[in-house]
Amino acid sequence: MNRLESETHVLREATADDVHLMLSWRNQETNRQVSKTSHEITAEEHARWWSAVRDDPSRRVLMYVREGLPCGVVTFFDLRLEIPRSGAWGFYLDADGLDGRGETLPAWLGVMREAVEYAFDGLHLDRLDGEVLGHNTVVRQMNRRFRFVEGTPRQELSDGREITVIPISLARADRRQR
């Protein structure tokens, strides 16, 4: 795997040693509020997910490490690595830990930069897709800062609630480079 890193930020492949951290972060209230899956994920549910994704060639699960501390997860999925190369992505951070250290915004900017760079320079994608919930205005603004374009919103039922899901995409030619 190409490892893209800066002085203090690294994306690395997630391992079995990271599974408990990933679950604890995913279940933080802040992350559940802005995710399609809003219920607390059980250890069994998470273990089934990890078993399915860890060796799936159409997926990558990466840990975002900042100044030596794991603090986020980036997932790439639906990878189509024939031309045109495309894939989808999502991420979540250790919201509680970063907030307690006053590092939320720098980590958020860092994980987005590293993930976009990995998508285009590591996976050599031509287009990167994703989704954001309509009420998540802060993430929508950050996505625009990184030049993602929003598509047509759609209504979905997830975990017993109706949500507005907005597709986003970023073409290689439109990305903001360092």
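Guide: The lining of the second largest pocket divides into 7 nonpolar and 6 charged residues, with no polar ones. This is a predicted model. In it, 13 residues line that pocket, and those nearest its centre are Glu 13, Arg 54, Arg 59, Arg 60 and Val 61. Strand 2 gives the most to this lining, with 3 residues. Both helix 3 (43-53) and strand 2 (60-66) supply at least two residues each. The space in the second largest pocket is about 180 Å³.

The largest pocket has a volume of about 1,300 Å³. Of its 38 lining residues, Val 34, Ser 35, Gly 90, Phe 91 and Tyr 92 are the closest to the centre. Strand 4 (residues 86-93) provides the largest share of that lining, 6 residues. By class, the lining of the largest pocket has 18 nonpolar, 12 polar and 8 charged residues.

Aromatic pairs come next. The whole structure has 4 of them. In one, the ring centres of Phe 76 and Tyr 118 are 5.4 Å apart and the planes lie at 35°, so the pair is tilted. Phe 76 belongs to strand 3 (residues 69-80) and Tyr 118 to helix 5 (residues 104-122), so this pair ties together parts 42 residues apart in sequence. Phe 76 and Tyr 118 are both buried. In another, the rings of Trp 89 and Phe 148 have centres 5.9 Å apart and planes at 20°, so the pair is stacked. Ring pairs also link Trp 89, Phe 91 and Phe 148 into a cluster.

How values were computed:
Residues are numbered from 1 along each chain as its sequence is written. This is a predicted model: local features need pLDDT of at least 70, side-chain atom pairs count only at pLDDT 80 or more; totals for chains, interfaces and linings use all residues. Side-chain values use heavy atoms; hydrogens and water are left out. On a 1 Å grid over the protein atoms alone, a cavity is a set of points where a 1.4 Å probe fits but cannot get out, and a pocket is an open set with protein on both sides within 12 Å along at least five of seven lines; lining residues have an atom within 4 Å of a point. Grid points are joined across faces, edges and corners, and a volume is the space filled by probe spheres set on the points. Helices (H or I, at least four residues) and strands (E, at least two) are DSSP runs, numbered from the N terminus. Ala, Val, Leu, Ile, Met, Phe, Trp, Tyr, Cys and Pro count as nonpolar, Asp, Glu, Lys and Arg as charged, and the others, Gly among them, as polar. Rings of Phe, Tyr and Trp (its six-membered ring) pair if their centres lie within 6.5 Å; planes under 30 degrees apart count as stacked, over 60 as edge-to-face and the rest as tilted. Buried means under 20% relative accessible area, exposed over 50%, partly exposed in between (1.4 Å probe, protein chains only).
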